[in-house]
Amino acid sequence: MSRPENQQRSRLVEILRRTVRSGSVVSDGPEYDAARRIWNGAATARPGVVVRCADPADARAAILAARETGTLLSVRGGGHDWAGRALSDGGLTIDVSGLRGVTVDAGARVATISAGTTAADLAAAAQPFGLAPVTGTAGSVGMVGLTLGGGYGPLGGRFGLALDNLLSADVVLADGSVVTADDEHEPDLFWALRGGGGNFGLVTSMRVRLHDLPTLLSGLLVFPWAQAGTVLTGLSDVLAESPEELTVQFGVLAGAAGEPVLFASPTWSGDDVRTGERALARLDTLGTPLVSQVAATTLPDMLAAIDAQFPAGRHVEIRTRSVPSLTSGVRDALIHAGSTLTSSTSAVSVHSLHGAAQRVPVTETAFGSRDPHLMLEVIAQWEPDDIRAADHRAWAHEVTSALEPEALPGGYPNLLGPTETAQIAHAYGPNTERLLAVKRRLDPENVFRAIALPVSPTPLMSGQDR
């Protein structure tokens, strides 16, 4: 570290120790190491300083200190961003992961959540009331980061994306002011927060809509690889004809012996259980499943199952493409992906945007793609001591390259990595210019930016981590 950098860091620490009242300011030791541990074990960034927040005032103090000293800033929430943008290498990381309060107003069907709340925290708090939030598929993901960037999940067909269920947000802006954004107050900011990411400030709390959901049917079907082509062809019909209450996540993973298999994870969120049972039973007829386990369940149990499949600490690289439908070209790319798997823990997971999520006009929120589509999450994953890391990364790139001729422009902002500049340029569709205008007004000095991304005219791929 050069002398000017040392001086800047010393000044930053001096300001933080004076202004951070309840939390801690750390640059080494157990607390620092805990803050650096995020979901992707391959992340190597080392923040110069970490503020572990005990309340929103700590976050505000850290933002002002970073701005005063010109220090690069990042926000660590759930720590699930695969590209490691939770950590500011050599800069200041604001760690809000300890702020995990949830308050449920069952009568109003609304939950108020703190900045570090995970999907599992929220689902568990709502479950005793027969209510459910709209989350992603994994419980350990931070709800704030997920919601700001989008939020595909098992309830999306009936209730929309996670961002469609955001009612208001308390935000610390770059100048230290604290605002509440909703339909009536700071409406431009509220619009931008729903799909534009955490590029406009640090969200310290959110109010989110909950839904009556006394019964949920879900499970897992696994088909042998020899039937992959037939099952995928049948799935294309199922997806085209599915009611909004049925959301089917599907894709490719490795079976018990390391062989590729095709999986389908359907979720029925409708009120009519018998109709749901018939809809899910149809998937059994697409082939001869090796596993068929579909039953009544709860959202907390569903989220826990995904966490077990993708535990923290493994090394991960993710690529994403969105496609209009399950065409023959997409089916061929999925079969190629399974046939060339390089790791028994890698997978391709396909998420659907349909039903309620597609009925929202594309310019009503900042989320850039509302036409029905499938979002493919190509997950290369391996153990830390695996010497074939380059092969696993190459597999992910090869799969997404095979999908490119079928793909829509852009991609899912929560998954786009630092090198995907062509996709980033189109990620927000017709909403890019309005997002940039909001950014220029609220954060003209670009305090909230993606540390792991190259500087570009569109600094809109950063902010509060999942």
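## Salt bridges and an open sheet

Glu244 has a relative accessibility of 26% and therefore counts as partly exposed, a class that lies between buried (under 20% relative accessible area) and exposed (over 50%), with a 1.4 Å probe and protein chains only. The model is a predicted one, in which local features need pLDDT of at least 70 and side-chain atom pairs count only at pLDDT 80 or more, while totals for chains, interfaces and linings use all residues. Residues are numbered from 1 along each chain as its sequence is written, and side-chain values use heavy atoms, with hydrogens and water left out.

A salt bridge is taken here as a side-chain nitrogen of Lys or Arg within 4 Å of a carboxyl oxygen of Asp or Glu, and by this rule there are 21 salt bridges. One of them joins the side chains of Glu244 and Arg359, at 2.7 Å from N to O. This pair connects distant parts of the chain, 115 residues apart, with Arg359 in the loop between strands E17 (347–353) and E18 (373–382) and Glu244 in the loop between helix H8 (228–241) and strand E13 (246–254); helices (H or I, at least four residues) and strands (E, at least two) are DSSP runs numbered from the N terminus.

Asp121 and Arg100 also meet in a salt bridge, at 2.8 Å from N to O. Asp121 belongs to helix H4 (residues 119–126) and Arg100 to the loop between E4 and strand E5 (102–105), 21 residues apart.

In a further salt bridge, the closest N and O atoms of Arg314 and Glu383 are 3.0 Å apart. Arg314 lies in the loop between helix H10 (299–309) and strand E16 (315–323) and Glu383 in the loop between E18 and helix H12 (389–403), so the pair ties together parts 69 residues apart in sequence.

| Residue | Relative accessible area | Class |
|---|---|---|
| Arg100 | 44% | partly exposed |
| Arg359 | 53% | exposed |
| Arg314 | 17% | buried |
| Glu383 | 35% | partly exposed |

Elsewhere, salt bridges with shared partners join Glu31, Arg52, Arg76 and Asp95 into one network.

Four strands form an open sheet in the order E1-E2-E4-E3, with mixed pairing, where two strands pair if DSSP finds at least two bridges between them. Strands E1 (24–26) and E3 (73–76) stand at the edges with a single partner strand each, so one side of each is left without a neighbour in the sheet. Strand E2 (residues 49–52) pairs with strand E4 (residues 92–95) in the parallel sense over four bridges, and Val51 stands opposite Ile94 in E4.
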